[in-house]
Amino acid sequence: MLVKLDNVQKHYGDFNLNCSIQLEEGHITGIIGANGAGKSTMFKAILGLIKTDGGTVEVLGKDGLALNELDRQQIGVVFSESTFNDGLNIGDITVVMETMYDSFDKKTFIEKCEKYRLPMKKPIKEFSTGMKAKFKLLCAMSYGAKLLILDEPTSGLDSVVRSELLDEMRAFMEEEGRAILISSHISSDLEGLCDDLYFLQNGNILFHEDTDVILSDYAILKVDEEQYQNLDKSHILYKKKEGYGYTLLTREKQYYLDNYREIVAEKGSIDDVMLMMAKGEAC
C-alpha cells in the first residue's frame, strides 16, 4: 500500500476534513469533488505539509511524518502553484534537479522538454498555461518516483494538452510498483485514466467505486410519478424530484432494464453520480 489515510482529520474554521482512502501499487486513483471539497488539504496531509488533528497517514508503508530524504525522492508532486522560482529557465532548473535528486534522469527530461517544444532558455513565467502544466508534470516524473500526487494537473488546459498529459501519466504507469493519486474536476479525464474514484464533498468521502463499475453498472432512471410509486426502490441510491416525476441513481442498471422496460434508463457517468449525490436525497 503506497498511501493509506485512516480517519484523517483537519479543521479550518467551519471546514472539517475527515477521510479515509487507500492507494495500491499499480493503480491510478482519482479524487473528485467541487472546489473547496478538501482535495488539496488531503494531499497536503499526505505530504506532511500540514499537521493533522487526528487519524493516521501512511505513505510508502511508513508513518507519513517518518519519511526520510530518500523516501521523499520516491514521490513526485504537482500542485497548481509553481514549485520553482518562475524567473528561472529549464536549463537553470535542470541544474537544481540534478542537485536535489540522486536519480534525476537529465537526458530523458531534456528529450521530453524538446518533444513538447518547451523553450529551454525562456523564463518559466513567460510560458503559456499549457507549457507550465507539461513542465511541472515532466519534473515530477524525471527522477524515478514510485508515487505521483497530482492536484488538478489538467485544470484550465485545452483538450489537446490534456490528452498529452494523460498519455504521459499512462506511460509512467508502465513500470511496475508505481501509482498515481490525482484530483480533477474534469470527469472525462478520470473516466479514461483511473482505476477507482473517491468522491469528496465538504471534507468527507461520500463514495468510493471502481471506475469500470460506475460506467457499466450505474444508471440514471427517469420515471413519472406513477412509475415511481410502482418501482422496486431497493436498488435506488439517490432520488431527486423533478417536474415530470423523479430522477434516480442506481448501481443495478441491468435489474431495471430487465424488469422495467418502460422506464428511461441512461448510462451513468461520473458527473451523473456526483450530481445525484450532491443534489439528490439518499434513499
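1. Helix H5 gives the second largest pocket the largest share of its lining, five residues. Helices (H or I, at least four residues) and strands (E, at least two) are DSSP runs numbered from the N terminus. The volume of this second largest pocket is about 300 Å³. Its lining has 17 residues, and those nearest the centre are Ser80, Thr129, Lys132, Ala133 and Lys136. By class the lining has seven nonpolar, five polar and five charged residues. Here Ala, Val, Leu, Ile, Met, Phe, Trp, Tyr, Cys and Pro count as nonpolar, Asp, Glu, Lys and Arg as charged, and the others, Gly among them, as polar.

2. On provenance: this is a predicted model, in which local features need pLDDT of at least 70 and side-chain atom pairs count only at pLDDT 80 or more, while totals for chains, interfaces and linings use all residues. Residues are numbered from 1 along each chain as its sequence is written, and side-chain values use heavy atoms, with hydrogens and water left out.

3. The largest pocket holds about 510 Å³ of space. Of its 20 lining residues, Ile75, Val77, Met100, Tyr101 and Tyr143 are the closest to the centre. Strand E6 (75-78) provides the largest share of this lining, four residues. At least two lining residues each come from helix H2 (69-72), E6, H3 and helix H5 (129-140). The lining divides into 13 nonpolar, three polar and four charged residues. On a 1 Å grid over the protein atoms alone, a pocket is an open set of points where a 1.4 Å probe fits, with protein on both sides within 12 Å along at least five of seven lines, and lining residues have an atom within 4 Å of a point. Grid points are joined across faces, edges and corners, and a volume is the space filled by probe spheres set on the points.

4. H5 also packs against helix H6 (residues 159-172), where the axes come within 10 Å and cross at roughly 5°. The two helices are therefore roughly parallel (angles under 35 degrees; over 145 counts as roughly antiparallel). Axes are lines fitted to C-alpha atoms over the stretch in contact, and angles run from 0 to 180 degrees between N-to-C directions. Gly130, Ala133, Lys134, Leu137 and Leu138 of H5 meet Val161, Glu164, Leu165, Glu168 and Met169 of H6, contact meaning heavy atoms within 4.5 Å. This contact has six nonpolar, one polar and three charged residues.

5. Against H4, H5 packs at an angle of about 160°, with the axes 10 Å apart. That makes the pair roughly antiparallel. The crossing of H4 and H5 is right-handed (the near helix is turned clockwise from the far one by less than a right angle). Phe109, Lys112 and Cys113 of H4 meet Phe135, Leu138 and Cys139 of H5. The classes in this contact are five nonpolar, no polar and one charged.

6. How do helix H3 (residues 90-100) and helix H4 (residues 106-115) pack? Their angle is about 155° and their axes lie 11 Å apart, so H3 and H4 are roughly antiparallel. The crossing of H3 and H4 is right-handed. Ile90, Thr94 and Glu98 of H3 meet Lys106, Phe109 and Cys113 of H4. Three nonpolar, one polar and two charged residues make up this contact.

Terms used: Angles under 35 degrees count as roughly parallel, over 145 as roughly antiparallel, 65 to 115 as roughly perpendicular and the rest as oblique.
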